[in-house]
Amino acid sequence: MLYNLQRYCIHDGQGIRDTVFLKGCQMRCPWCANPESQLGGRQIAFNKNKCIGCGACVKACPKGKAAPEDIPAGCDLCGKCEYVCPREAIQIYGYDLTPDELVAEVMKDAPYFRKSDGGVTISGGEPTLQMDYIAEVFSKLHDLGIHTAIESHGHFSDAERERLIPLVDQFLIDLKHMDSAKQEEYTGFGNEQILKNMEALRDHGLVIRIPLVPGFNDDDENLTRSAAFAKKLDVPVHLLKFHNMASSKYESLGREYAYKNIKTQPQEELERMLKIFTDMGVEAQLGG
Ligand code: SF4
Ligand code: SF4
């Protein structure tokens, strides 16, 4: 199940790419910028700031919606309210495409991929939760000569890793924290399998991505340990700055966002963090 397909991306791997966002992730990072990706099933969201109170959604609902923000007891996510809303205040996240349908969709952009050395990135959520699906999509794309990449939290099994290696040209894997206990405290999962996967992927197009989360992993000690690990593996690092732009998405899903009032680190601080990596001889950059 997908929740988005973004065309002409330039930050999710090399060249111009289409990025496919799959739904479902077993981690629950409290800073997550895509809260609509976390649950595996379809879900409905209502953004009160966009609503003009026209009532079209209430009239269209076959299950007795009482007000724009109401989700009636029998709601089956039919999407009629989303369809009639003139302000896109209602959104249903989650739809299915078969591997053939998805490949046909992204192949519309093949000329851009070929001109730019780009391709297709599968992101999430966590793509490896839909392993058979992504393996089939990647395989079909490779048969068509399209470059493939995956964005993942890196917590997948040895067998899944070995299955992906021949199908994926670039692995963009998150390094959230070098301290396994701290990572487990914040995300529910330690880092042992992630570090093991990174070691095994070092010669298979691995890029380490570090989301710089204020107060969690952006201290000098963790960054120095992360830089030493990347140096040992001799792979590039992308440092991704924190933003809290997902606040309205959390609100529209009826969820609290713990990082709502947390600010991005100042540019000079981000550059100082980057220097920790470059001073240790790591090929590192701010942004993906
Ligand atoms: S998705 Fe369908 S059933 Fe649910 S609130 Fe909207 S119109 Fe009503
Ligand atoms: S259709 Fe959209 S804008 Fe109109 S009341 Fe419903 S949610 Fe608000």
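This is a predicted model: local features need pLDDT of at least 70, side-chain atom pairs count only at pLDDT 80 or more; totals for chains, interfaces and linings use all residues.
The expected span of a helix is 1.5 Å times one less than its number of residues.

**Helix α9**

Helix α9 covers residues 220-233, which makes 14 residues, and at 1.5 Å a residue these should span 20 Å.

Which residues of α9 are buried? They are L223, S226, A227 and A230. Seen down the axis of α9, these buried residues fall within an arc of 100 degrees, so they line one face of the helix.

Just after α9 comes D234, which takes a positive phi of about 60 degrees.

**Helix α8**

The buried residues of α8 (192-201) are I194, N197, M198 and L201. Viewed down the axis of α8, they fall within an arc of 100 degrees, so they line one face of this helix. E192 and E199, on the other side of α8, are exposed. The cover over the buried residues of α8 includes α6 (158-164), β7 (170-174), β8 and α9.

**Two loop residues**

H204 lies in the loop between α8 and β8. Is H204 buried, exposed or partly exposed? H204 has 15 C-beta neighbours inside 10 Å, so H204 counts as partly exposed. Leaving out residues up to four places away in sequence, H204 touches I165 and F171.

A33 sits in another part of the chain, in the loop between β2 (17-22) and β3 (43-46). A33 is partly exposed because 15 other C-beta atoms lie within 10 Å. Apart from neighbours within four places in sequence, A33 is in contact with H243, M245 and A246.

| Pair | Separation in sequence | C-alpha to C-alpha distance |
|---|---|---|
| H204 and I165 | 39 residues | 6.9 Å |
| A33 and M245 | 212 residues | 7.3 Å |

**Domains**

The protein chain is divided into domain 1 (2-40 + 94-286) and domain 2 (43-92). Taken over C-alpha atoms, the centres of domain 1 and domain 2 are separated by 32 Å. Six residues from domain 1 and six residues from domain 2 take part in the contact. On the side of domain 1 that touches domain 2, the residues divide into two nonpolar, three polar and one charged.

**Ligands**

Which residues come nearest to ligand 1? Of the 14 residues around ligand 1, these are C61, C75, C78, K80 and C81. By class, the shell of ligand 1 has nine nonpolar, one polar and four charged residues.

Ligand 2 has 14 residues around it, of which C51, C54, C57, C85 and A89 come nearest. The shell of ligand 2 has 11 nonpolar, two polar and one charged residues.

How values were computed: Residues are numbered from 1 along each chain as its sequence is written. Chains are lettered from A and ligands numbered from 1 in the order in which they are written. Helices (H or I, at least four residues) and strands (E, at least two) are DSSP runs, numbered from the N terminus. A residue is buried if 20 or more other C-beta atoms lie within 10 Å of its own, exposed if 12 or fewer, and partly exposed in between; C-beta atoms are placed from the backbone. The arc is that of the directions from the helix axis to the C-beta atoms. A residue is near a molecule or strand if its C-beta atom, placed from the backbone, lies within 6 Å of it. Ala, Val, Leu, Ile, Met, Phe, Trp, Tyr, Cys and Pro count as nonpolar, Asp, Glu, Lys and Arg as charged, and the others, Gly among them, as polar. Two residues are in contact if their C-beta atoms, placed from the backbone, lie within 7 Å. Domain bounds come from an automatic or database domain assignment.
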